[in-house]
Amino acid sequence: MATIKCIGILTSGGDAPGMNAAIRAVTRAAIYNGLQVKGIYRGYKGLVTGEIKEFKSQDVSNIIQLGGTILKTARCKEFTIPEGRKQAYENMQKEGIDALVVIGGDGSLTGARILAQEFDIPCIGLPGTIDNDLYGTDTTIGYDTALNTILEAVDKIRDTATSHERLFFVEVMGRDAGFLALNGAIASGAEAAIIPEISTEVDQLEEFIKNGFRKSKNSSIVLVAESEITGGAMHYAERVKNEYPQYDVRVTILGHVQRGGSPTAHDRILASRLGTAAIEALMEDQRNVMIGIEHDEIVYVPFSKAIKNDKPIKRDLISVLKKLSI
Ligand code: F6P
């Protein structure tokens, strides 16, 4: 710890509500502990190009309630090649940054892991993605807010679905993970969720028609996780048109609306706890770990575990949805 005097902080990959709360927490916890903080703009891109600015406590005032990220975010090609990473390292040296806190999803944590390996820099990751697909934490920053955005949208779609007696396929984000679709379906009272995790096991459309779309219901909502594995909502709507032409089908793709908005209390508290713990971890000489919360306790998860391990869907949730959608 004696060597760490200044930390750099960046957000990378897809933005997620609560990232600003995390930036605030990291900055304030670092300053509280006597460290200097530098904000790096546009993710790894800013590290390569040297878009870096010192952050004081007031630089993170009034941001806890904001969606998006004040540091901006980007996907950076230069950082994927060794020359780009060398440039990033040189900029860190020039700025006196001797540890890095990275907020993002698996791609962002992979970047931190490589940088740590190549240049022996202490890196701490915070799970920031609406997808909730990082192993080693119960939820990721932004997931709860996205889930609530989905609820709001599905509640509205239900009004028109009921009035017209239609079957709606609502596509939600998740990049090959079904957390938003499955929990979104349970929370909104949707009739089914089609998720990549069980795509190879069962024909989820067949199951739904057989079990879920009962005669007692004349409208229905199915949440579909975006994914090449599921094929997305359009694919299922096409199938219904061909295989069950008696149903009046519509598709809604929620898209990037799910990434915006003021973070929920859950995401703000999560981001505040994780951000504070990131600084504590650095002070305890922890390095190259993602900070997570499991069973309400802070945990340190080695990057290799957080990135590589697939986070499993809780199977009992599938059965809850099935039982409640009769
Ligand atoms: O990882 C977050 C996420 O929103 C995914 O759910 C989605 O597949 C992807 O990012 C969309 O990325 P982009 O904003 O680059 O289109």
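This is a predicted model: local features need pLDDT of at least 70, side-chain atom pairs count only at pLDDT 80 or more; totals for chains, interfaces and linings use all residues.
1. Residues are numbered from 1 along each chain as its sequence is written, and side-chain values use heavy atoms, with hydrogens and water left out.

2. Which residues surround the ligand? They are Arg75, Thr129, Asp131, Met173, Gly174, Arg175, Glu226, His256 and Arg259, where being near a molecule requires a heavy atom within 4 Å of it. Asp131 places a polar side-chain atom 2.7 Å from a ligand oxygen atom. For His256, a polar side-chain atom is 2.8 Å from an oxygen atom of the ligand, and an N or O atom in the side chain of Arg259 is also 2.8 Å from a ligand oxygen atom. The ligand taken alone exposes 400 Å², of which the protein buries 76%; accessible areas come from the Shrake-Rupley method with a 1.4 Å probe, and for residues only the protein chains shown count as cover.

3. Next, helix 8. Helices (H or I, at least four residues) and strands (E, at least two) are DSSP runs, numbered from the N terminus. The twelve residues of helix 8 (residues 232-243) should span 16 Å at 1.5 Å a residue, and the end C-alpha atoms are 17 Å apart, which agrees. The expected span is 1.5 Å times one less than the number of residues. Which residues of helix 8 are buried? They are Gly232, Ala233, Tyr236, Ala237, Arg239 and Val240, with buried meaning under 20% relative accessible area, exposed over 50% and partly exposed in between (1.4 Å probe, protein chains only). As background, an α-helix has 3.6 residues a turn, so residues three or four places apart point the same way.

4. The side chain of Asp203 makes a polar contact with the side chain of Arg239 at 2.9 Å. A polar contact is a pair of N or O atoms within 3.5 Å; within protein, one must be able to donate a hydrogen and the other to accept it, and residues adjacent in sequence count only if both atoms are side-chain atoms. Asp203 belongs to the loop between strand 7 (192-194) and helix 7 (204-212), and counts as partly exposed because its relative accessibility is 32%. Between Asp203 and Gly292 there are 89 residues in sequence and 34 Å in space, C-alpha to C-alpha.

5. Two backbone angles are worth a look. Most residues other than glycine have a negative phi. Asn62 is not a glycine, yet has a positive phi of about 60°. Asn62 lies in the loop between strand 3 (52-55) and helix 3 (82-95), and is exposed because its relative accessibility is 62%. Asp296, another residue other than glycine, has a positive phi near 70°. Asp296 sits in the loop between strand 10 (289-294) and strand 11 (297-302), and at 53% relative accessible area Asp296 is exposed too.

6. Around strand 1, is Ile7 buried or exposed? Ile7 is found in strand 1 and is buried, because its relative accessible area is 0%. Ile7 and Cys123 lie 116 residues apart in sequence, with their C-alpha atoms 9.5 Å apart. Ser12 is in the loop between strand 1 (6-11) and helix 1 (19-32) and counts as buried at 5% relative accessibility. The side chain of Ser12 makes a polar contact with that of Ser108 at 3.0 Å.

7. Finally, two buried phenylalanines. Phe169 lies in strand 6 (residues 167-172) and is buried at 0% relative accessibility; its C-alpha atom is 18 Å from that of Ala146, 23 residues away in sequence. Phe179 is in helix 6 (residues 179-188) and counts as buried at 7% relative accessibility. The C-alpha atoms of Phe179 and Glu95 are separated by 39 Å, and the two residues are 84 apart along the chain.
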